[in-house]
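Here is a short briefing on one protein chain. Look at the sequence and the structure first, then read on.

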Amino acid sequence: MVVASFVTRCGLGSFILADNNCIKLTKTFHVESTGNEDKFTPVLTTMYETLKYLKVYMDENYDSVDEIIFETNVGTIVKWFDNGFPNVAYFEPFVKVMELLDEMPVRYSFLSLIHISEPTRPEPI
């Protein structure tokens, strides 16, 4: 199983790819926002970059990978992928990410780090 954990903060995107509990790749890079209220475009950009590197890793290690789990700190993104659609304002970057996801040759799932860090939260996320 491969775990791809990605986060976006303060104009930086970062991800870690781990396979069988071993870190295989880490990257940090600048991501641009289209405005102060735009927090999802940078997250989708970070996910897109993560997927590009993951695709290369999968091509080189296809026989050993049977599942991918994506972790993020943005629960809204997880909901978009669970439901298959984003907010209309983010449709184009979402479609770019979905196209790369469709190329993944194995099963994948999403996990929001909020669910891990707040297991006793009284209201649903």
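Helix H1 (residues 40-61) lies across strands S1, S2 (12-19), S3, S4 and S5. The helix runs at about 150 degrees to S1. Contact means heavy atoms within 4.5 Å. Axes are lines fitted to C-alpha atoms, for helices over the stretch in contact, and angles run from 0 to 180 degrees between N-to-C directions. Helices (H or I, at least four residues) and strands (E, at least two) are DSSP runs, numbered from the N terminus.

This is a predicted model, where local features need pLDDT of at least 70, side-chain atom pairs count only at pLDDT 80 or more, and totals for chains, interfaces and linings use all residues. Residues are numbered from 1 along each chain as its sequence is written, and side-chain values use heavy atoms, with hydrogens and water left out.

**The sheet**
- An open sheet is formed by 5 strands in the order S3-S2-S1-S4-S5, with mixed pairing (two strands pair if DSSP finds at least two bridges between them).
- S3 (22-30) and S5 each have a single partner strand, so one side of each is left without a neighbour in the sheet.
- From one strand to the next, the twist averages 15 degrees.
- S1 (residues 2-9) and S4 run parallel and are joined by 5 bridges.
- Alanine 4 has phenylalanine 70 in S4 as its bridge partner.

**Aromatic rings**
- There are 3 aromatic pairs (rings of Phe, Tyr and Trp, its six-membered ring, with centres within 6.5 Å; planes under 30 degrees apart are stacked, over 60 edge-to-face, the rest tilted).
- Phenylalanine 70 and tyrosine 108 are edge-to-face, because their ring planes stand at 75 degrees, with centres 6.2 Å apart.
- This pair joins S4 (residues 67-72) to S5 (residues 107-112), across 38 residues.
- Phenylalanine 70 is buried at 0% relative accessible area, while tyrosine 108 is partly exposed at 27%.
- Buried means under 20%, exposed over 50%, and partly exposed in between (1.4 Å probe, protein chains only).

**Salt bridges**
- The structure has 4 salt bridges (a side-chain nitrogen of Lys or Arg within 4 Å of a carboxyl oxygen of Asp or Glu).
- Lys55, Asp59 and Glu103 are linked in a network.
- Lysine 55 and aspartate 59 lie 4 residues apart in H1, about one turn of the helix.
- Lysine 55 is partly exposed at 26%, whereas aspartate 59 is exposed at 56%.
- Glutamate 67 bridges to arginine 107, with closest N and O atoms 3.3 Å apart.
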